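The exercises below are meant for a reader who is meeting this structure for the first time. Please look through the sequence and the model before starting on the tasks.

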Amino acid sequence: GRTCLVNGRCDNGEKPKENAAPLRGGGTLTIVMRNAPLVAYHALSGALDASSGLASISASLGATAVASLVRVVFQGEDVSAFELAVPSAAAGEVLAEMSVQPGDAAVPSTASFGFTFFDDSISLSCVACLAPSEAAAPFQVTMTNFELSTTRAASDQITVTFGREAAAAVT
């Protein structure tokens with residue numbers, strides 16, 4: 001279809017992540033930009049039209065990762081939406097910058113935003129999924145694919161919260 005989101009869900013039925021993607025790359029990043037300059041594109045495919053000359057649309061995600069244009073979803077007077085291919089990158093928070101440059105423009109129009117690459121191979125599962133709704137009681141979970149140093153206490157390496165409430169102890 002013309003968009004990768006249908007009824008607020010991705011193709012795989014999951015809710016899209018906001019300003020985040022797996023560090024292995026893949027998937028589609030949809031960026032909605034206010035006051036983006038207009039570029040010529042094919043209405044059916046969303047690809048840039050040859051008449052747009054040397055137009056360029058991309059997003060830098062940190063210092064080394066660049067998301068390339070998949071298609072223009074729509075453009076209007078006030079707002080435009082673009083779908084870009086998510087590259088692979090190191091895990092962490094980065095400063096991202098969306099760039100739209102029509103072929104006849106000397107400089108691009110840009111918009112900055114925060115973005116996070118995360119390791120989606122890390123999982124957390126409960127061992128005994130029963131705990132009281134009030135009062136403290138031990139609650140055991142298992143983490144996989146998460147490296148912890150053997151020279152430092154686990155409580156110095158991870159933070160555990162239940163909503164906004166910090167765990168009383170981490171062992």
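Strands here are DSSP runs of at least two residues marked E, numbered from the N terminus. N19 is found in the segment before β1, a strand that covers residues 20-22. The model is predicted, and every value below is computed from it.

**Exercise 1. Describe the chain as a whole, beginning with its secondary structure and going on to its dimensions and its surface.**

Step 1. The secondary structure amounts to zero helices and eleven strands, so that, read from the N terminus, the order of elements is β-β-β-β-β-β-β-β-β-β-β.

Step 2. For the dimensions, the radius of gyration of the chain is 21 Å, whereas a compact globule of 171 residues would have one near 16 Å. The C-alpha trace spans about 65 × 35 × 25 Å along its principal axes.

Step 3. Of the 171 residues, 22% count as buried, and the chain exposes about 11,500 Å², of which carbon and sulfur atoms supply 52%.

Step 4. Among the contacts with a separation of 6 or more, 55% are between residues 24 or more positions apart. As for charge, the chain has 9 positive and 16 negative side chains, and the centres of these two sets lie 5 Å apart.

**Exercise 2. Decide whether Q75 is buried or exposed, and find which residues it touches beyond four places away in sequence.**

Step 1. Q75 is located in strand β4, which covers residues 65-75.

Step 2. The cut-off for a buried residue is under 20% relative accessible area. Q75 has 18% relative accessibility, and therefore it counts as buried.

Step 3. Leaving out residues up to four places away in sequence, Q75 touches P37, L38, V39, Y41, S80 and F82.

Step 4. Two of these neighbours are also reached through polar atoms: a polar atom of the Q75 side chain lies 3.5 Å from the backbone oxygen of P37, and the side chain of Q75 reaches the backbone nitrogen of V39 at 3.3 Å.

**Exercise 3. Work out where R71 is placed and what its side chain joins in a polar contact.**

Step 1. R71, like Q75, belongs to strand β4.

Step 2. The relative accessible area of R71 is 16%, and because this is under 20%, R71 is buried.

Step 3. The side chain of R71 is joined to that of E83 by a polar contact of 2.7 Å.

**Exercise 4. Examine the phi angles of N19 and N35, and then state how exposed each residue is.**

Step 1. Most residues other than glycine have a negative phi.

Step 2. N19 has a positive phi, near 55 degrees, and is not a glycine. N35, which is not a glycine either, has a positive phi of about 55 degrees.

Step 3. N35 is found in the loop between β2 (28-34) and β3 (56-61), while N19 is in the segment before β1.

Step 4. N19 has a relative accessible area of 44% and is partly exposed, whereas N35, at 58%, counts as exposed.

**Exercise 5. Locate A154 and say how many Å separate its C-alpha atom from that of V170.**

Step 1. A154 has its place in the loop between β9 (141-144) and β10 (161-162).

Step 2. A154 and V170 are 16 residues apart along the chain, and their C-alpha atoms are separated by 6.7 Å.

Step 3. Not counting residues up to four places away in sequence, A154 touches L148 and V170.

Definitions and conventions. Residues numbered from 1 in each chain as written. Predicted model: local features only at pLDDT ≥ 70, side-chain atom pairs only at ≥ 80, totals over all residues. Heavy atoms only, no water. Helix = DSSP H or I, 4+ residues; strand = E, 2+ residues; numbered from the N terminus. Rg over C-alpha atoms; globule rule 2.2 N^0.38 Å. Buried < 20%, exposed > 50% of the residue type's maximum accessible area, 1.4 Å probe, protein only. Contact = heavy atoms within 4.5 Å. Areas by Shrake-Rupley, 256 points an atom, 1.4 Å probe, with all protein chains shown as cover. Lys, Arg positive; Asp, Glu negative; His and termini not counted. Charge placed at Lys NZ, Arg CZ, Asp CG, Glu CD. Polar contact = N/O pair within 3.5 Å; in protein donor to acceptor, adjacent residues only side chain to side chain.
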